[in-house]
Amino acid sequence: MNLFDAAIMGIVEGATEFLPISSTGHLIVAGSLLGVHDERGKVFEIAIQIGAIFAVVWAYRERFVDTLKTFARPGKGRQFLLNLMVAFVPVAVLGLLFNKAIKAVLFNAYGVAAASIIGALVILFVERDHARVTREANARVRDVDAMTWLDALKLGLAQCFGLFPGMSRSGSTLIGGMLFGLSRQAATEFSFFLGVPTLAAASLYSLYKERALLSVADAPVFAVGTVVSFVVALIVIRWLIRFVASHSLAAFAWYRIAFGALILAAGAFGWVQWPAA
């Protein structure tokens, strides 16, 4: 992988990590097209999520600083941290148990295409006009600080669908949050916050586990991918909060269908020889 490839992958990661379209799925496809989806490339794809993590921390730095200052005493800071820990547990447990099997079977373009289309149909069903307006008007939780640990657990379970490449971690959390009574903005913000421990754990675990594949010479490539991911993700975070407040997610669903269909067509007509894994 050269620096140009790293920058392209960084753009893909930053642009897709927090949109309900699956960053993992897009990275698998982009890596396959660039010819960098080998074992080292897979580590790179996970590692540059660190850039997206820092984008969330920077965008919400005041909240994170306040949480660090106040978590030692009862209050919203401690509850916020507890909610993140509770929501993180399901994906941590299931990821450790099944991540190897999921990678072996579904970490390929065809698995991404199938999950992308299935997820799109779920979004279209949830975002029907009347249902969307009614759900938002009757939202039980309108602010992240109003969430209980049970709300957090439900969103943590919803996030587990994001283990399937193409399904989307952020999309699963966002849709799950709205179905469980959160407002669109609260569900979106919590999906950002939950991404911090989830992506950090995945990135650090992958780097440690596959450290034998890496060398000091890889540092510039990883640095470029991470920095580009940070910048692009920061732009997307700020835009998405404004977008979901007044728009349906149906546009993302139609994009997912087109994305999945294009992957299937490219393989069927021989335009691209997708690797098996």
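Modeller: Contact means heavy atoms within 4.5 Å. Helices (H or I, at least four residues) are DSSP runs, numbered from the N terminus, as are strands (E, at least two).

Colleague: Good. What kind of model is this?

Modeller: This is a predicted model, where local features need pLDDT of at least 70 and side-chain atom pairs count only at pLDDT 80 or more, while totals for chains, interfaces and linings use all residues. Residues are numbered from 1 along each chain as its sequence is written, and side-chain values use heavy atoms, with hydrogens and water left out.

Colleague: Let's do α4 and α11. At what angle do they pack?

Modeller: At about 150 degrees, with the axes 9 Å apart. Helix α4 covers residues 49-59, and α11 covers residues 184-209. The axes are lines fitted to C-alpha atoms, for helices over the stretch in contact, and angles run from 0 to 180 degrees between N-to-C directions.

Colleague: How are α4 and α11 oriented to each other, then?

Modeller: They are roughly antiparallel. That label is for angles over 145 degrees; under 35 is roughly parallel, 65 to 115 roughly perpendicular and the rest oblique.

Colleague: Which residues of α4 and α11 meet?

Modeller: From α4, Q49, I50, A52, I53, V56 and V57. They meet F192, F193, G195, V196, L199, A200, A202, S203 and L207 of α11. By class, that contact has 12 nonpolar residues, 3 polar and no charged. Ala, Val, Leu, Ile, Met, Phe, Trp, Tyr, Cys and Pro count as nonpolar, Asp, Glu, Lys and Arg as charged, and the others, Gly among them, as polar.

Colleague: Is the crossing of α4 and α11 left-handed or right-handed?

Modeller: Left-handed. In a left-handed crossing the near helix is turned anticlockwise from the far one by less than a right angle; clockwise makes it right-handed.

Colleague: Stay in α11. Where does the side chain of T188 reach?

Modeller: T188 lies in α11. Its side chain reaches the backbone oxygen of R184, at 2.7 Å.

Colleague: Is T188 buried or exposed?

Modeller: T188 counts as buried, at 1% relative accessibility. Buried is under 20% relative accessible area, exposed over 50% and partly exposed in between (1.4 Å probe, protein chains only). Beyond its neighbours within four places in sequence, T188 is in contact with L174, L240, I241 and V244.

Colleague: What about the phi of S168?

Modeller: S168 is not a glycine either, and its phi is positive, about 90 degrees. Its loop runs between α9 (149-159) and α10 (169-179). S168 is buried, with a relative accessible area of 2%.

Colleague: Switching to α3 and α12. At what angle do they pack?

Modeller: About 35 degrees, with axes 9 Å apart. Helix α3 is residues 39-47, and α12 is residues 219-246. The crossing is right-handed. V43, F44 and A47 in α3 meet V221, F222, G225 and T226 in α12. That is 5 nonpolar, 2 polar and no charged residues.

Colleague: What is T226 in contact with?

Modeller: A47, I48, I50 and G51, leaving aside neighbours within four places in sequence.

Colleague: Last one, α6. Which residues does F80 contact?

Modeller: R63, F64, T67, V144 and F193, again leaving aside neighbours within four places in sequence. F80 lies in α6 and is buried at 4% relative accessibility.

Colleague: And L84, which contacts?

Modeller: F190, F193 and L194, with the neighbours within four places in sequence left out. L84 is also in α6, which is residues 76-106. It is buried, with a relative accessible area of 8%. The C-alpha atoms of L84 and G156 are separated by 8.6 Å, and the two residues are 72 residues apart along the chain.

Terms used:
Polar contact = N/O pair within 3.5 Å; in protein donor to acceptor, adjacent residues only side chain to side chain.
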